[in-house]
Amino acid sequence: MDKNTDIKTIAKNKKASHDYFVIESYEAGIELFGTEVKSIRQGKLNFKDSWCSVVNGEMFVNNMHISPYEHGNIFNREPLRVKRLLMHKKETAKLYGLTKQQGYAIIPLSAYFKKGKVKLEIGLCKGKKLYDKREAAAQKAATRDIERSFKG
């Protein structure tokens, strides 16, 4: 495989699959500064409680924590600053309409490098109820038990 085309995962939002049903997923570029990219290369990215919003036809990711770069000085940015996502206008308009009408949320699912660029996988999600979470946990435990019985 060509070195420039492979995808290297940086971080995944494990809480998203626990708290939400992912209806659709989209790929978005993210507008970052140099020291932020260097910090991401070191794996210092956290999705805890992050979400996306649409303001004036542009999509932004909120509450995504990128730790300050250790060797950066005046060029370091605020760790929780709002970062702009780069998407097509039609996709942004579609997601905005769904979130306003049908009660969906836009949640970042994972971050990865693709051809040297940082990309964000965002998902159109619907919240899970408590009984849905219990059902998913029981199903996961059942598949784990089946795997153990085949191995043993």
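Is Asn-56 buried or exposed in this structure? Asn-56 is exposed, because its relative accessible area is 78%; in this scheme buried means under 20% relative accessible area, exposed over 50%, and partly exposed in between, with a 1.4 Å probe and protein chains only. The structure is a predicted model, in which local features need pLDDT of at least 70, side-chain atom pairs count only at pLDDT 80 or more, and totals for chains, interfaces and linings use all residues. Residues are numbered from 1 along each chain as its sequence is written, and side-chain values use heavy atoms, with hydrogens and water left out.

The chain as a whole may be considered next. The chain contains four helices and nine strands, where helices (H or I, at least four residues) and strands (E, at least two) are DSSP runs numbered from the N terminus. Along the sequence, their order is β-α-β-α-β-β-β-β-β-α-β-β-α. The C-alpha atoms fill a box of roughly 55 × 45 × 30 Å along the principal axes. Of the 152 residues, 34% count as buried. The chain exposes about 10,200 Å², and carbon and sulfur atoms supply 51% of this area, as computed by the Shrake-Rupley method with a 1.4 Å probe, where for residues only the protein chains shown count as cover. Among contacts (heavy atoms within 4.5 Å) between residues at least 6 apart in sequence, 69% join residues at least 24 apart.

Asn-13 illustrates such contacts. Asn-13 lies in the loop between strand E1 (7-12) and helix H1 (14-19). Asn-13 counts as buried because its relative accessible area is 12%. Its side chain reaches the backbone oxygen of Pro-108 at 2.8 Å. Apart from neighbours within four places in sequence, Asn-13 is in contact with Phe-47, Ser-50, Ile-107, Pro-108 and Leu-109.

Ser-110 and Phe-47 are 63 residues apart in sequence, yet 8.3 Å apart in space, C-alpha to C-alpha.

The cysteines come next. A disulfide is a pair of cysteine sulfur atoms within 2.5 Å, and by this rule the count is zero. Cys-52 is in no disulfide, the nearest cysteine sulfur being that of Cys-125, 9.4 Å away. Cys-52 counts as buried at 8% relative accessibility, and Cys-125 counts as buried at 1%.

Two side chains lie over aromatic rings. A charge sits over a ring if NZ of Lys or CZ of Arg is within 6 Å of the ring centre and within 35 degrees of the ring normal. Arg-41 lies over the face of Phe-113, at 4.4 Å from the ring centre, and Lys-126 lies over the face of Tyr-104, at 4.6 Å.

Finally, the backbone deserves attention. Most residues other than glycine have a negative phi. Asn-56, in the loop between strand E4 (51-55) and strand E5 (58-62), has a positive phi near 55°. Asn-63, which is not a glycine, has a positive phi of about 70°. Asn-63 lies in the loop between E5 and strand E6 (65-66) and is partly exposed, because its relative accessible area is 31%.

Definitions and conventions: Polar contact = N/O pair within 3.5 Å; in protein donor to acceptor, adjacent residues only side chain to side chain.
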